[in-house]
Amino acid sequence: MGRMTAMPSPQHSRKVLLAAPRGYCAGVDRAVIAVEKALEQYGAPVYVRHEIVHNKYVVKTLEKKGAIFVDETEEVPEGNIVIFSAHGVAPVVHEEARRGKLATIDATCPLVTKVHKEAVRYAKEDYDILLIGHEGHEEVIGTSGEAPEHITLVDGPADVANVEVRDPDKVVWLSQTTLSVDETMETVDALKGRYPNLLSPPSDDICYATQNRQTAVKQMGADADLVIVVGSKNSSNSVRLVEVALGAGARDAHLVDYADEIDESWLAGVRTVGVTSGASVPEILVEGVLEWLAARGYDDVETVTAAQESIAFSLPKELRRDLRAEARAATED
């Protein structure tokens, strides 16, 4: 059987519904290219604070090219280059880099930077800021660090009852960019039940790519017996796609990094498999899953398109400077 997209498949055939859009978003693409360009421009090693994006394959590939991933800024020897990941960092991390005499490349996704700026702005206006997100996630840590005395984390609807504010008439909510849209709005509705004058951010904090990938999964979820989401377990937006698939009516859904992690038992009684990938996943990993499924008779692939994406972000401005020279100069001062 070849690929058939124009005609519906016979009832007895095995079929794959392939979500579009899927995979890399503009922020991830920018961050990964930033590391690659830094290695080309300045040579190895280039240090990266935390995983540049939450994907095992991407991290391993960049390590092979000469990137060194560290947990803390202090681990980078002075006079070197450190790249901040797409998830963003708190102001204290920039200060650590200055103290360590490091040249920095900030690969924070511009959509995360937008939330940081909102946090700074509302803190200056003395609002209590309710940040909807997952405790311990790097993006939440970075945003909270912009105004720790003003920000309270709200980790889902169940956490709303624990919230306390100084003035119920001066409260605003912001959110992590990679959450479930539906769960976030459920949390917002619960917060508005307690604080009717709760202010919303000027524009949606959940990023376009997260929303589009969730919409595509919703469209195919009800028609899929099984949904396979390609992505890493520490990728918030990938984990959410599994939840969205199940919520949309998929009988079963699983998260895998690679095709060889798929359990053949998942295919029992399955006619239609939905396939998608998180925003930090390169397409080569999806191709591997499609090949694995095709080898088991699922070679009729139909694309389910929820949106067209054309957004691109320019590379970090630091890549236009001689950072090695700047770092050496800092150590000599």
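The second largest cavity has a volume of about 70 Å³. A cavity is here a set of points on a 1 Å grid over the protein atoms alone where a 1.4 Å probe fits but cannot get out, and a volume is the space filled by probe spheres set on the points, with grid points joined across faces, edges and corners. The structure is a predicted model, in which local features need pLDDT of at least 70 and side-chain atom pairs count only at pLDDT 80 or more, while totals for chains, interfaces and linings use all residues. Residues are numbered from 1 along each chain as its sequence is written, and side-chain values use heavy atoms, with hydrogens and water left out.

Lining residues have an atom within 4 Å of a point. For the second largest cavity they are Ile132, Gly133, His134, Val154, Asp155, Gly156, Leu179, Ser180, Glu183, Thr184 and Arg240. By class, three of these are nonpolar, five polar and three charged, where Ala, Val, Leu, Ile, Met, Phe, Trp, Tyr, Cys and Pro count as nonpolar, Asp, Glu, Lys and Arg as charged, and the others, Gly among them, as polar.

The count of cavities of 30 Å³ or more comes to two. The largest cavity holds about 240 Å³ of space. It is lined by 24 residues, and Cys25, Val28, His87, Thr178 and Asn237 are the closest to its centre. At least two lining residues each come from α1 (26–42), α4, α7 (208–221) and α8 (236–247); helices (H or I, at least four residues) and strands (E, at least two) are DSSP runs, numbered from the N terminus. Helix α1 supplies the largest share of this lining, three residues. Twelve residues of the lining of the largest cavity are nonpolar, eleven polar and one charged.

A pocket is an open set of points with protein on both sides within 12 Å along at least five of seven lines. The largest pocket contains about 330 Å³ of space. Of its 17 lining residues, Arg30, Asp106, Thr108, Thr113 and Lys317 lie nearest its centre. The elements giving two or more residues to this lining are α3 (91–99) and α4 (110–124), and α4 gives the most, with three residues. The lining of the largest pocket divides into five nonpolar, six polar and six charged residues.

One aromatic pair was found in a search of the whole structure. It consists of Tyr122 and Tyr127, edge-to-face at 5.4 Å centre to centre, with 75° between the planes. Rings of Phe, Tyr and Trp (its six-membered ring) pair if their centres lie within 6.5 Å, and planes under 30 degrees apart count as stacked, over 60 as edge-to-face and the rest as tilted. Both Tyr122 and Tyr127 are buried (under 20% relative accessible area; exposed is over 50% and partly exposed in between, with a 1.4 Å probe and protein chains only). Lys170 lies over the face of Tyr127, at 5.5 Å from the ring centre, and Arg296 lies over the face of Trp292, at 3.7 Å from the ring centre. The criterion is NZ of Lys or CZ of Arg within 6 Å of the ring centre and within 35 degrees of the ring normal.

Thr177 is placed in the loop between β8 (171–175) and α6 (181–194). With a relative accessible area of 5%, Thr177 is buried. Leaving aside neighbours within four places in sequence, Thr177 is in contact (heavy atoms within 4.5 Å) with Leu111, Val112, Val115, Glu139, Asp205, Ile206, Cys207 and Thr210. Arg328, in helix α10 (residues 323–332), counts as partly exposed at 47% relative accessibility.
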